[in-house]
Amino acid sequence: MLERGYLQRKWFNRIMLGLCGGAAGLGMLILALILGYTLSHGIAALNIDFLTQAAKPVGEVGGGMRNEIIGTFILVVLGSIIALPVGLMAGIFLAEFASPRGAAAVRFIADILAGVPSIVVGVFAYAIVVRPMHSYSALSAGVALAIIMIPIVARTAEESLRLVPNSMREAALALGITRWRAVVGVIVPGALTGIITGVMLAVARIAGETAPLIFTALGSQFGVQGFLKPIGALPLQIFRYAMSPYPDWQQQAWAGAFLLVLLVLGISIVVRWISNRGRM
Amino acid sequence: MKCNDANTISPGRMRSWRFSGYSRYSDRIFSNLTLVFALVIVGILLGLVVVLTIDAMPAIRRFGLAFLSSSTWDPVREAFGALPAIYGTLLSSAIGLIIAVPISLGAAIFLVELAPSWLKGPASLVIEMLAAIPSVIIGLWGLFVLVPFVRSPIESWLGSKLGFLPLFQGPPFGVGFLAAGIILAIMVIPIITAVSRDAMRAVPNEQREAMFALGATRWETIRQAVLPYCRSGLVGAIILGLGRALGETMAVTMVIGNSYALTASLFSPGATIASKIASEFSEASGGVFIGSLVELALILFAVTLLVNVAARLLVWRMTSVKAAKE
């Protein structure tokens, strides 16, 4: 390579660096295209009826996704209620109590669980909740979302706890309190910003999940009927409407996509802002 | 500086915290409680394997290994085979990686080596935001924007110029393996970029300085000092991207066309394991039909498990090399 002419090397350098810059630009362009299209189409299709009315049957124009918006909210809360205790306690175990070998094993398992495709998690939730209870239900969808959420919460909680300096632990123990009081009263509060960041990111992730809902939540024409009945969800309805042949429904899919993007990216941006501020 | 092994960062914590002889009863209860919750994670993974295997049993017993090589899917006669779904999964992921890898590595090089410092933060943020967009929205965009664009000009152009290859023969549908591959590329670019960016960042500056001192250009420095140094991290990043692509469901289901066929043409509609499960599971009835779909899920689980373990080990080796050097 070095025996090549100087000019040739210089130009080769410029071309390759230019290509790298072009690749980064392409990544940003794709994001701009997707966001721009979703936002512009979505805002055109969005109206008050969309937010306040239930879905209308095929053939009737109008209607909205009120029930699905409420449904997504319920599912996210349900998933979080199941996932938070497990994720947080597992994170505390990894950061504070586990032996190095035990921690490595649990961490490895958590990473593997995080990599399981969400559709497979859906099949699992169907098998352990829907089939025994003989009904598609909000509960089964909550379980599926919780399984997706747990490893994310556990790993981010662990990483935030590890950032708490050891002097805090020693200071807490020097006051004569027990270790569990030190963890609950001093160390977890010290890591709270990081833990909340992780939880919010996990919430953003499960709010947009669709695949595990198809055969757990199923969707419902009758609105929210309780935890043991089928329930609608925003991403699920976007999928159904997008695949439908009716232009009116496709318009509503764009409006739903607009809301979902706003929700998910809004959470991500706020979280990033908080965690950056915390670091400075 | 994050580190995987607690030993190396905080020897102080080890002595004063974990293994001090003094331990109260309440402490033991609490630490065992956290252990129980950690074991819940292990239990979920084990439960997943056991439950999927049991539910797939009717299909496994009925078809045995022939399930993997048969390409029929006939719910009426209860004859099922996984070959077209496996083929579609591998083909769409391969197309996705072929498109995504050069773009991601280029973008990562730009972010680490070239971008002015004021641009690094915002550019990383944009690429990470791409990762946060829900897959159903990428699918929606793919269905209404990308698919018409793939039909014409992309497929009609490829068909007229490279139509002598079996890959590019057949009518341009728009929906199909090619559209699914492009969508997968869009979905894995952020993860490959982010992980390989971190790997390149871990390369010590001395490596670059040594190359510059020899009179190398920037590209030669990147090509001969930076990339070889973090090779295993880059391979790990690509394999992580592969794991994501194999299991991706919604966006692919929306653009692949959902036909169960085994053809060489990239233009033809097809199916992946994930899209097959997504589009048929809620209507499936009968033990063998459901069992076949669960067996598909089990195959997908096993493949992504292997891929993720491999990626994890490679990325770990990279970070532990770095930790050992410091």
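# Two chains and a helix crossing

Helix α3 (residues 66-97) of chain A and helix α3 (residues 25-63) of chain B have axes that come within 7 Å and cross at roughly 115°. This is a predicted model, in which local features need pLDDT of at least 70 and side-chain atom pairs count only at pLDDT 80 or more, while totals for chains, interfaces and linings use all residues. Residues are numbered from 1 along each chain as its sequence is written, and chains are lettered from A and ligands numbered from 1 in the order in which they are written.

**The α3 crossing**

- For the angle, axes are lines fitted to C-alpha atoms, for helices over the stretch in contact, and angles run from 0 to 180 degrees between N-to-C directions.
- The crossing of α3(A) past α3(B) is left-handed, a term that applies if the near helix is turned anticlockwise from the far one by less than a right angle, with right-handed for clockwise.
- On the chain A side, the contact is made by A:P85, A:V86, A:M89, A:A90, A:I92, A:F93, A:L94 and A:F97; two residues are in contact if their C-beta atoms, placed from the backbone, lie within 7 Å.
- From α3(B), the partners are B:S31, B:L33, B:T34, B:L35, B:F37, B:A38, B:V40 and B:I41.
- By class, the residues of this helix contact are 14 nonpolar, two polar and no charged. Here Ala, Val, Leu, Ile, Met, Phe, Trp, Tyr, Cys and Pro count as nonpolar, Asp, Glu, Lys and Arg as charged, and the others, Gly among them, as polar.

**The whole interface**

- Between the two chains, the contact takes 78 residues from chain A and 80 residues from chain B.
- Helix α1 (residues 6-45) of chain A gives 19 residues, the largest share of the side of chain A that touches chain B.
- That side of chain A has 59 nonpolar, 11 polar and eight charged residues.

**Domains of chain A**

- Chain A is divided into domain 1 (12-45) and domain 2 (52-279), with bounds that come from an automatic or database domain assignment.
- The C-alpha centres of these two domains of chain A lie 29 Å apart.
- Seven residues from domain 1 of chain A and seven residues from domain 2 of chain A take part in the contact.
- On the domain 1 side of that contact, there are four nonpolar, three polar and no charged residues.

- Helix α4 (residues 100-115) of chain A has 16 residues and reaches 23 Å from its first C-alpha to its last, close to the 22 Å expected at 1.5 Å a residue. The expected span is 1.5 Å times one less than the number of residues in the helix, and helices (H or I, at least four residues) and strands (E, at least two) are DSSP runs, numbered from the N terminus.
- The buried residues in α4(A) are A:A103, A:V106, A:R107, A:I109, A:A110, A:L113 and A:G115. A residue is buried if 20 or more other C-beta atoms lie within 10 Å of its own, exposed if 12 or fewer, and partly exposed in between, with C-beta atoms placed from the backbone.
- α9(A) also has 16 residues, and its reach from first C-alpha to last is 22 Å, close to the 22 Å expected.
- Buried residues of α9(A) include A:G194, A:I195, A:G198, A:V199 and A:R205.
- A:R179 is in helix α8 (residues 179-190) of chain A and is buried, because 24 other C-beta atoms lie within 10 Å.
- A:I69, found in helix α3 of chain A, counts as buried because it has 21 C-beta neighbours inside 10 Å.

**Backbone features to look at**

- A:L218 has a phi near 70°, a positive value in a residue other than glycine. A:L218 sits in the loop between α9 (192-207) and α10 (234-243) of chain A, and it counts as buried with 21 C-beta neighbours inside 10 Å.
- B:E78 has a positive phi too, near 55°, and lies in the loop between β1 (73-74) and β2 (79-80) of chain B. With 16 C-beta neighbours inside 10 Å, B:E78 counts as partly exposed.
- A cis peptide bond joins B:S152 and B:P153, with omega about 20°; B:P153 is in helix α7 (residues 135-162) of chain B.

**Chain B overall**

- Chain B has 14 helices and two strands.
- Its C-alpha trace spans about 65 × 65 × 30 Å along its principal axes.
- Of the 326 residues in chain B, 48% are buried.
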